[in-house]
Protein chains: 4
Amino acid sequence: MTKLSWGLVGGGAGSQIGPAHRLGAAVDGEFAFVAGALDHRAEEGRFYGRSLGLAPDRAYGDWREMLAGETGRADRVDLVTVATPNATHFEITKAFLEAGFHVLCEKPMTMTVEEGEEIVRIARATGKLCAVNYGYTGYALVRHMRAMVARGDLGRIRLVVAEFAHGHHADAADADNPRVRWRYDPAQAGVSAQFADCGIHAMHMASFVTGQEVETLSADTVSCIESRVLEDDAMVNFRMSGGAVGRLWTSSVAIGRQHGLSLQVFGEKGGLRWAQEQPNQLYWMPLGGRLEVIERGAGGLSPEADRASRVTVGHAEGMPLAFANIYRDMAEAIRAEKDGRAMDPAADLYPRAEDGLRSMAAVFAVAASGKAAGQWTDARPPMFRD
Amino acid sequence: MTKLSWGLVGGGAGSQIGPAHRLGAAVDGEFAFVAGALDHRAEEGRFYGRSLGLAPDRAYGDWREMLAGETGRADRVDLVTVATPNATHFEITKAFLEAGFHVLCEKPMTMTVEEGEEIVRIARATGKLCAVNYGYTGYALVRHMRAMVARGDLGRIRLVVAEFAHGHHADAADADNPRVRWRYDPAQAGVSAQFADCGIHAMHMASFVTGQEVETLSADTVSCIESRVLEDDAMVNFRMSGGAVGRLWTSSVAIGRQHGLSLQVFGEKGGLRWAQEQPNQLYWMPLGGRLEVIERGAGGLSPEADRASRVTVGHAEGMPLAFANIYRDMAEAIRAEKDGRAMDPAADLYPRAEDGLRSMAAVFAVAASGKAAGQWTDARPPMFRD
Amino acid sequence: MTKLSWGLVGGGAGSQIGPAHRLGAAVDGEFAFVAGALDHRAEEGRFYGRSLGLAPDRAYGDWREMLAGETGRADRVDLVTVATPNATHFEITKAFLEAGFHVLCEKPMTMTVEEGEEIVRIARATGKLCAVNYGYTGYALVRHMRAMVARGDLGRIRLVVAEFAHGHHADAADADNPRVRWRYDPAQAGVSAQFADCGIHAMHMASFVTGQEVETLSADTVSCIESRVLEDDAMVNFRMSGGAVGRLWTSSVAIGRQHGLSLQVFGEKGGLRWAQEQPNQLYWMPLGGRLEVIERGAGGLSPEADRASRVTVGHAEGMPLAFANIYRDMAEAIRAEKDGRAMDPAADLYPRAEDGLRSMAAVFAVAASGKAAGQWTDARPPMFRD
Amino acid sequence: MTKLSWGLVGGGAGSQIGPAHRLGAAVDGEFAFVAGALDHRAEEGRFYGRSLGLAPDRAYGDWREMLAGETGRADRVDLVTVATPNATHFEITKAFLEAGFHVLCEKPMTMTVEEGEEIVRIARATGKLCAVNYGYTGYALVRHMRAMVARGDLGRIRLVVAEFAHGHHADAADADNPRVRWRYDPAQAGVSAQFADCGIHAMHMASFVTGQEVETLSADTVSCIESRVLEDDAMVNFRMSGGAVGRLWTSSVAIGRQHGLSLQVFGEKGGLRWAQEQPNQLYWMPLGGRLEVIERGAGGLSPEADRASRVTVGHAEGMPLAFANIYRDMAEAIRAEKDGRAMDPAADLYPRAEDGLRSMAAVFAVAASGKAAGQWTDARPPMFRD
């Protein structure tokens, strides 16, 4: 097994996202980090790249230089990760896809629904992989929830209750804190703050687990800190393509909550509850039965969960390995393509450009509904409306 | 200290509510059970009353007989509890109040907002105590939350997140189960099922703790079991008189949840979380600090919490004693009136006719908003609109 | 159903134990409180008794007066509770038993093993009920554990792990605190402090649940606060009559633990875990299966658990109602005797004089083993050695 | 920053330990995997090594070949990990140390105390790093506990309560299961089974956190499955060099426990509780204060905890990253040596040969005490007795 080669755009010195991607790509030994354009300041980027072990000719000064350089090589990278500021995701992802690279783009994939549709069309036309990093769906037990729903353990899904609440922007002084303030400023953050930043992860997870898409939604968005233009708290009700009812609360002013991403799924035949603060236990209650604790790593789980686990039962696995599962999925997809074989279906779970597009449409729908006193709004991108 | 004398209407042989009230009234030795009209079948009621130790002349055949009998006695009961079927609460409560008795009425106090307003007017006119049994606010730590908010520990309240979710009506077979079916039938249950039954407790608690009233609301009500006319799941967003934003989820199809009544309160200076499944711990995080666990019975709590506790720290107290606190509050109120003194303010916490009225108005507002695609609706009773 | 009549010795004004017993006896309406000798100061006791509603001639000045008074009455009390200082339990319990009264004695039943044997002999000779208040075994789910073991769900029991840890005597200043100091002074507390005070509850529970008696033990006793003569922390290993191995940790210096009474039972076919800080959930894992959460009040529990529950599933019950179950058991035993019928076997669970005796023998064995570097010691009272 | 080069002995195809070490070494990008002798079957080992990307001349057939090959190279590996069967650890570790390599040895480091002493002497003589993989001490919050103790937050430590309980060998059928049986067979496992396998991790953690060594101990060892020669359950009491009292329970028959490694530390001024099943939260109660939840990744932690964290607060980190911290510590130690500078003291936390030796002495002391009815036994290796 030779390693796949991997390149990174963004994630320069001092960033949080860079180390996270390098860790995710390195954990399983599937990818060798061989190329990068790590900083918008060319010299800093080249220097940092070399300090991380890149060859001088592959420590690029900017993404266009990297695109040109890699395109010309026989040993061009197998995968490019785009981890630059949000506003540049569309342009860079588009360019690499069109040049024939597989791409993993940080969320949000684009800034508008129209751009999102364009990425989807390009990905489809080129046949290249285009993934978007909704990394929380990499948790083994989230994948097990999906498998349980898919194989019918819960029967028809009636209700999904999702949550992503934290209190890290609750200080009134944050209104003036430059590290926080921009997130609530439409000029920099777009049409939504807390929903776009966190809530969308919970909504994507609801779709991932149920296998249903969000069709319409009604949002109550508020700014608990008054000077904010964009919302720091939102409640979203929604309806899904398979008939499920959804409820989603997200907040950045919930003091005492740390990283409260959780999902409850209720069907005709049972209910599930999972929370990322204790990601190695899943609570399952069959109708008329008793609440059971499903442990990550235990025997008898789904192939999807088994594939996403690395250590034995009782040893906690956390977020970094969940994230690494996205990379491992992509490695399998790339290898399968190279080998001309079907990929392992248990790995075919990484979020796609279509997910990035749907998320963007949902963000705009939440913002519109929030301004219209909660009016029910179509949450689908135009290209997916029938 | 002589015991107060107490009478019960309803709660006949085999009921759940009767033993709960007798326990609540007996626990602290404040009330002697001396009179009752326990069953709508006169002979059964008299027989059951005598079997519980009532004197033959105070084991009445119906509530009108009891009203007449007690009114004529020098040693008339100090308090009458009304625990009959919902549709009769208004008539009986009204009659006893007008005859000069203090009344504790089971929820819902009435079937309409108009009736609720009438009870409030009568209670005010007669000066008699009229309590409504929102018993969950009797928990010591719920009272401590209220005290913390009142004394400013949280600063201005921004957000309240309430929940009352269970899965006890989730079986599709419940659609035909007579013990469950009537709850979702408008002819028997009125305009709302799950919100009126459970959600209203959570909403009352939100008001109790924040000291703010619900002014407007928007509801998404659904029937997850299709044959049901009334809702088995609802999400309610609301706005409160002091500016707090509210979110409330209630469900009877959440398989795996047992009795998920919980409340989170977020203010400028900190956040609180309490859940009735573990009622002896309260989670408190001051802004910029660490999550702390406040134990019922520990030193340094509020007078309200101390008064509502009976056993030492670390020993769990449960629902029956929470409920008993309503009786203990009323005993103090009655004794204070008899003695012509002010009552202990830490006992002045039992829910009033006004709470019963507001709850009724909220139920109708939820039902109306739910039918109107979540339109924002005034949740106040007319007499409390300015 | 007429109430049984009940008398209390001890539990004067300001005590904690008096209200706890009055609550326990009152909750279910089985007992009327009609006689008492509540204080060693005769006038205070009479005054307090009358203030609690006792008739003047049954508000006695001391226990001898009460013994004489009640013995001479046709309507003598059905049950006498002894809640006086520890050193007097033996004398009072003995006197009332010999006069033909049923007795519920606070723990410890006696100060020596010899006295304990004498009480057992008297109880057997008179045929009167003699209960000892190990009240924690009144919890519904503790009784369910016992029922599960008895009916073979766990197979042969291999291992019992018990714990009773708190941190309420951890302050070095407690060495001089008169409210705490006496507990560690052999002149006042006897041969053991923390084990005798708390550990013995956990050991009794281990016997109650497994149906096995402690035969031998090895103890490691330490005084973490140096000036203390008696132990504030102990680890006890033991062997039981049915072959189970036991481990028991008790501490009063475990800062951060509140009232950590817990029990784990491991058999050939499954394991159980229960903790009194969350007494309404029991964790059960069948061999090769998944951890399940058994809820108090849920369907399908044992008759023993059902009888010990009062409120519906999901509503917490706490210590006061557990304690009340001892009184309810005794009421059933007394009524069955009066009626000349067999008692409900699901109520036949209150701790007996034999339990009080075995506990006393265990306390002395722990003290002796602790002094002898953990030497294995016979923990049985002489009269139960074969 | 160039990568350090790393070699692995053992961990062949299908092993669990190999991938764990490769992941731990890869996560932070500090080490490049360049050499290996992965299997005792030479061809299989070479083939597997090449399949993992090793150069053909560094995919060795056995450890002696690797020792010879690497010794002769200018670019010899910076670190060798020994992950072979237990009985070979001593020989291989010794050989590589003597040839001037830094070594990370899987536990147990040796099979006897005498061998352990020899390794310590060689490590000291050569000045090479010799680490032993007690990987659970790599958790950020375990390191924070150590830092809190070291800086005096708890005052003098009175008591340590450690636990490592699981139920994975509880099936009576395991007595004949070859995958399990050897662990309880002295011929293959040595003098101890469950204590040597799991309990020793808890004991090492107790020493790591308190900074105190175990001096004497008393053990109660039992075989709950009768056919076993070695213990499947043990309780160990101990005394530490700084005066702390220790209690340690370990079991492999505790059905329902998954991987119950936990530690409680109680000092004069506060208490700590941590459990590996929820490794991202640490419970701290200062004397006279309230229980607080310390979150991994939160602000205000110790440098040791900060260095051992990779992702932001609220995102769980698990066992693989704890383990990776041992590698990261060693990378810092190796780089500091190369650079001729002092290493970061917050990284100077990896377990040493001395820890491996002390653990071996404790294992033999537990076995001896267990056979001698719990007699108190010196747990120190002879070379560390005064």
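Strand S10 (residues 260-267) of chain A pairs with strand S11 (residues 270-275) of chain A in the antiparallel sense, over five bridges. Strands pair here if DSSP finds at least two bridges between them. Strands (E, at least two residues) and helices (H or I, at least four) are DSSP runs, numbered from the N terminus. This is a predicted model, in which local features need pLDDT of at least 70 and side-chain atom pairs count only at pLDDT 80 or more, while totals for chains, interfaces and linings use all residues. Residues are numbered from 1 along each chain as its sequence is written, chains are lettered from A and ligands numbered from 1 in the order in which they are written, and side-chain values use heavy atoms, with hydrogens and water left out.

**Strands in chain A**

- S10(A) and S11(A) form a hairpin with two residues between them.
- A:Val265 has A:Leu272 in S11(A) as its bridge partner.
- S11(A) also pairs with strand S12 (residues 281-286) of chain A, in the antiparallel sense and over four bridges.
- The hairpin that joins S11(A) to S12(A) runs through five residues.
- A:Leu272 stands opposite A:Trp284 in S12(A).

**Interface of chain B and chain A**

- Contact (heavy atoms within 4.5 Å) links 41 residues of chain B with 41 residues of chain A.
- The two chains bury about 3200 Å² between them, 56% of it on carbon and sulfur atoms; buried area is the accessible area (1.4 Å probe) that two parts lose on being put together, summed over both.
- B:Arg158, B:Arg247 and B:Ile255 supply 21% of the area that chain B buries against chain A, more than any other three residues.
- Six salt bridges cross this interface, each a side-chain nitrogen of Lys or Arg within 4 Å of a carboxyl oxygen of Asp or Glu.
- B:Asp233 forms a salt bridge with A:Arg247, and their closest N and O atoms are 2.7 Å apart.
- Strands of chain B that each supply at least two residues to the side touching chain A include S6 (157-165), S7 (214-222) and S8 (233-240).
- S8(B) gives the largest share of that side, five residues.
- By class, the side of chain B that touches chain A has 21 nonpolar, eight polar and 12 charged residues; Ala, Val, Leu, Ile, Met, Phe, Trp, Tyr, Cys and Pro count as nonpolar, Asp, Glu, Lys and Arg as charged, and the others, Gly among them, as polar.

**Interface of chain C and chain B**

- Here 28 residues of chain C are in contact with 28 residues of chain B.
- The buried area is about 2300 Å², of which carbon and sulfur atoms give 62%.
- Helix H1 (17-26) and helix H11 (319-339) of chain C each supply at least two residues of the side that touches chain B.
- H11(C) gives the most to that side, with three residues.

**Relation between the copies**

- Chain B is superposed on chain A (RMSD 0.0 Å) by a rotation of 180 degrees with 0.0 Å of shift along its axis, by least squares on the C-alpha atoms of residues with pLDDT of at least 70 in both.
- In chain B, the C-alpha of B:Gly374 is the nearest to the axis, 3.6 Å from it.
- Chain C can be laid on chain B with an RMSD of 0.0 Å by a turn of 180 degrees and a shift of 0.1 Å along the axis, which is the relation of a two-fold axis.
- 100% of the interface residues of chain C are also interface residues in chain B, so these copies meet through the same surface.
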